[in-house]
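Reader: I would like to learn how to read a model of this kind, one feature at a time. Where do we begin?

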Amino acid sequence: MDHVFDCTVVSSLEQLGYGPFFERQRAALAAAGEPLMPARVASGARGFLNLLTASGPQRVPLAGRLLHEAEDGAALPAVGDWVGLRPGAVVHRFERRTCLLRKAVGRQPVAQVLAANVDTVMIVTSLNADFNPRRLERYVEIALEGGARPVFVLNKIDLCADPSAFVEAACALAPTAPVVPVSAIAGAGIDVLAAHVHAGETVALVGSSGVGKSTLVNRLLGAPVQVEGAIRDSDDRGRHTTTHRELFVMPGGGLLVDTPGLRELEPWRSDDAAGPAGFTDVEALAEGCRFRDCCHDGEPGCAVEEALVDGRLAEGRLTGFRKLARETLHQREQHDARARAETKRKMKEISRRMRHHPKA
Ligand code: GDP
Ligand code: ZN
């Protein structure tokens, strides 16, 4: 009996962010003889997932099959993922609608999921030494590459005599992203911020450690659920901590994911990424360059460098663009090299089998 899909249950799943994208996948599996109960990953560690389900929270182990079939860590269920349950085990991860990814720390080109199925990314910074436009550009790229909307949250305005210069600087980084100055402590601007959290949608808070993400989560939830100011393990290798990454349901119906501050922040680029996302200003200027493949680096007739000279484009913006463009290129070379190595390994495996079983 497909008890999950009586209307009241569907509506409560929708409050957790469920929708047609996942329902189509569930229905296709059910039709193929695999009826699964959908659930959302709130957090997880060591082979167990804490899930939000239509019938409340559950702690469920991952089926061994899921663990063995995963090509890499990014294929495993992460916070925000929708998964399929059979009694007693998580047996399936639904395809992601959107996904925030970075390159995992280390030399290998491996993706790491920061949060899955996110609609809006609140890029939190504080109005002091933390404000770093080049770092914020990285978060914008992660949001846009992942299919989510970026919103800048400028926290701790109570410590800042004049936030207007910061607001302007943030606007210049992503013309379409709203900029919301707030004080998580004093409460200023929190209502404006809350208006960006829609029922059934998921918001991820990202930003350096100490900018006030936990304080904001508690403010938005109206209850102290995250430990504030504690030295949390913002460990880049993703070691387990209790407050690591967690999905919370807001009283108004939206969902919040708090993420730990990350020291290294290299966005993950898909194989078809042409260049860093979020630089529409540079791209628009580049339309005017004499050469189609202009690198804006000393070429004659470069409209981007002209804009630099007459102040229409900030120097730092071009520096940021160049750095991220180089990274994108390097990552793509790494992906290609990895794909070649994988093909070689498979060819070897086939010829080895042919030698041992010539007729097979
Ligand atoms: P997180 O690491 O990003 O989760 O940051 P926390 O929420 O733990 O906050 C770090 C520190 O900043 C704590 O001591 C908070 O009390 C403080 N803090 C957070 N928001 C504000 C704010 O709006 N104004 C001021 N003055 N301090 C804040
Ligand atoms: Zn150019």
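Author: With a pair of helices. Helices (H or I, at least four residues) and strands (E, at least two) are DSSP runs, numbered from the N terminus. Helix α4 (residues 133-146) packs against α10 at an angle of about 50°, and their axes are 10 Å apart. Axes are lines fitted to C-alpha atoms, for helices over the stretch in contact, and angles run from 0 to 180 degrees between N-to-C directions.

Reader: How is the orientation of α4 and α10 to each other described?

Author: Angles under 35 degrees count as roughly parallel, over 145 as roughly antiparallel, 65 to 115 as roughly perpendicular and the rest as oblique. α4 and α10 are therefore oblique to each other. The crossing of α4 and α10 is right-handed; a crossing is left-handed if the near helix is turned anticlockwise from the far one by less than a right angle, and right-handed if clockwise. On the α4 side the contact (heavy atoms within 4.5 Å) involves Arg134, Glu137, Arg138 and Glu141. On the α10 side the residues include Gly316, Gly320, Lys323 and Glu327.

Reader: What should I know about the source of the coordinates?

Author: This is a predicted model, in which local features need pLDDT of at least 70 and side-chain atom pairs count only at pLDDT 80 or more, while totals for chains, interfaces and linings use all residues. Residues are numbered from 1 along each chain as its sequence is written, chains are lettered from A and ligands numbered from 1 in the order in which they are written, and side-chain values use heavy atoms, with hydrogens and water left out.

Reader: Which protein atoms are donors of the zinc ion (ligand 2)?

Author: Donors are N, O and S atoms within 2.8 Å of the metal (3.2 Å for Na, K and Ca); water is not among the atoms, so sites may look incomplete. For this zinc ion they are Cys289 (SG), Cys294 (SG), His296 (ND1) and Cys302 (SG), at 2.2 to 2.4 Å. Along the chain their spacing is C-x4-C-x1-H-x5-C.

Reader: What is the arrangement of the 4 donor atoms around the zinc ion (ligand 2)?

Author: Four donors count as tetrahedral if all angles lie between 85 and 135 degrees. Around the zinc ion (ligand 2) the angles are 103 to 115°, so the arrangement is tetrahedral. Cys294 and Cys302 are both buried, where buried means under 20% relative accessible area, exposed over 50%, and partly exposed in between (1.4 Å probe, protein chains only).

Reader: What does Ala303 touch?

Author: Not counting residues up to four places away in sequence, Ala303 touches Leu285, Gly288 and Cys289. Cys289 is also one of the zinc donors. Ala303 is in helix α9 (residues 303-309) and is buried, at 12% relative accessibility.

Reader: How many residues of α7 are buried?

Author: Helix α7 (residues 213-221) has 8 of its 9 residues buried, among them Leu216, Val217 and Leu220. These buried residues pack against several elements, including β8 (120-126), β9 (149-155) and β12 (246-249).

Terms used:
Tetrahedral: all angles 85-135°; square planar, octahedral: opposite > 155°, others 65-115°.
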